[in-house]
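Please look over the sequence and the structure below before reading on. The report that follows takes up charged pairs first, and then turns to a sheet, a helix and a surface patch.

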Amino acid sequence: MGLVTETLATAAVAGVTTLLALLLRQYFHFRRLELAIPGPPSLPLLGNTLDFVSVTPDTVLQTIKRMIGGRRELSRFSFMNHLMVFVSSPEDFECVVRRSEFNSKSHFVYHLLDDRRSLLQLNGTEWRARRRALEPGFSKSVLNRFVGTFYAEAKGFVERVPTDAPVDVLQALRLATSRNFLRTSISADMEEQAMPFVEFFEAFLRTVNQRSFNPLLWSERLFRMTASGKKVSRMKEALHALVRKALAVKQDEVKRRGKDGEHTARRRRALADILVDMHHRAEIPEDDIVDEVKTFFGASVETTVSTLSWTLAVLSLHPKLQERLFFEVDAVLGNRDVTAEDLPQLKYLDCVVKEVLRLFPPIVFVGRQCYRETRLCGHVIPANSTVVLNIQGVHLDPQHWRDPLAFDPDRFLPENSQGRHHCAYVPFSIGSRNCIGAKYAMMVATTFLATIVRAFRVLPAHGHKDVQSLLDNMSFDLASRLVGGVKVVFQPRPRGGGGGAVAAA
């Protein structure tokens, strides 16, 4: 018995030693590849985790920028032994989006988001099938039908927002764009249910930001034990019940519609119609539909609110630019409601929105999964790393943008856009995994801004004197935002002239 025990003990020691040697060999290999990529000093095992100990939701973006150091070449930092490799030039950006092995979203970046069965987080053939099925809901013919709704909500915003006094626009914009989404994508009868969606996403996104840089809260089980986790769980259950109730109504509509006129209806279906039809064909379970609705709601509302709030902040600093926009809107619209046919005629407003999206993209970073060790842009990336597409980085690349920190909408005039690298401007990403709702977001933003500019002059109240100050105080949750919120003063334009009816409504 003693010999057997001794033999087993020896074998166990040998096994543990071999395992440790293997793990050390793998780690030293990872460490060698990590340090070969430019980046800040990094501790063994901990990486750069200690650099983020004191990070808050308001300082996270500036901390990340400091870590990657404004490099055009690949740069990196690491959390524990997870490597984040940043791609910040249009040329390197193109290399990533053209390679199929980087098509999957990063597990590390997106694992804290709740909707793991939605288009955002699906990968491979399942993602491609879901994307193809949902794309008709974002076609131009479908979106054009929604412009009347966009304008009605924009007009409602103009009528409700306080005037001649500082107002933080975020909550009012969130409510209006939430109603927009629910009316156009789910059901017109849901518009009065916008607040539960707004409140859930405000709470949820705050927790995502807090958890992202706190390894102790990466575990879903541990997070649910915290006060924030319990609150979000309660709100999520109530929201899921609300979504399922709306889907049940939509399912009844689909059943009543039957096959009469199905071909015509198929060409005009919105998001919920498509999802319910897929469910009836057993192509998607109801839980996935709930995930999709939440994902599209969050992505649509937060990115649109980000775009609109940044634009209002910038316009408040540029009164002459506002007047140029007013004269364009007045010339195109007069006193009419905004229509789908009007939007392409608002050419300079389009340039202004694009320049805002260049400087303040709603989604600052996009994470892609690197499953296997691979060579990228002159470096070897370790397996299971995250490749981060630095959207704001390519938008500020001085090799592709003259005076990149200046706000200059004229750079998007047709004569100034020729020959620009197609990856130098990617506010909605690019390639197969670009944002499916990009047209929707631009149409909402243009409709709202045309309505606001026609009704008001926008004056600053946020304490920032120039665009650089806005950039220095930029942060993000799901979408980018100005630290402290965007406060402006809406000053009604005089009656008479273009838009008097809206301003006085």
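In this predicted model, Arg72 and Glu91 form a salt bridge, and their closest N and O atoms lie 2.9 Å apart. The two residues belong to distant parts of the chain, 19 residues apart, since Arg72 sits in the loop between helix H2 (60-68) and strand S1 (75-79), while Glu91 is part of helix H3 (residues 90-97). Arg72 has a relative accessible area of 27% and is therefore partly exposed, and Glu91, with 32% relative accessibility, also counts as partly exposed. Side chains of opposite charge can pair when their charged atoms come close.

A search of the whole structure finds 25 salt bridges, and the table gives some of them.

| Salt bridge | Closest N and O atoms |
|---|---|
| Arg72 and Glu91 | 2.9 Å |
| Arg98 and Glu94 | 2.9 Å |
| Asp288 and Arg130 | 3.1 Å |

In the pair of Arg98 and Glu94, Arg98 is exposed because its relative accessible area is 65%, over the 50% cut-off, whereas Glu94 is buried because its value is 15%, under the 20% cut-off. The salt bridge between Asp288 and Arg130 links distant parts of the chain, with Asp288 in helix H14 (residues 286-316) and Arg130 in helix H5 (residues 124-134), 158 residues apart. Both of these residues, Asp288 and Arg130, are buried. Elsewhere, a network of salt bridges links Asp58, Asp477 and Arg481.

The strands come next. An open sheet is formed by three strands in the order S3-S11-S8, with antiparallel pairing. Strand S3 (166-168) and strand S8 (456-460) are the edge strands, each of which pairs on one side only, and neighbouring strands of the sheet are turned by 45° against each other on average, with direction ignored. S8 is joined by five bridges to strand S11 (residues 487-492), and the two run antiparallel. Within S11, Val489 is the bridge partner of Leu459.

What kind of patch do Val16, Leu19, Leu20, Leu22 and Leu23 form on the surface? These residues make up a nonpolar patch, with about 450 Å² of accessible area together. One of them, Leu22, is found in helix H1 (residues 2-35), and because its relative accessibility is 43%, Leu22 counts as partly exposed.

Notes:
Residues numbered from 1 in each chain as written. Predicted model: local features only at pLDDT ≥ 70, side-chain atom pairs only at ≥ 80, totals over all residues. Heavy atoms only, no water. Patch = residues over 30% accessible without salt bridge, like charges linked within 9 Å, V, L, I, M, F, W, Y side chains within 5 Å. Areas by Shrake-Rupley, 256 points an atom, 1.4 Å probe, with all protein chains shown as cover. Salt bridge = Lys/Arg side-chain N within 4 Å of Asp/Glu carboxyl O. Helix = DSSP H or I, 4+ residues; strand = E, 2+ residues; numbered from the N terminus. Buried < 20%, exposed > 50% of the residue type's maximum accessible area, 1.4 Å probe, protein only. Pairing = 2+ DSSP bridges. Axes fitted to C-alpha atoms, helices over the stretch in contact; angles between N-to-C directions.
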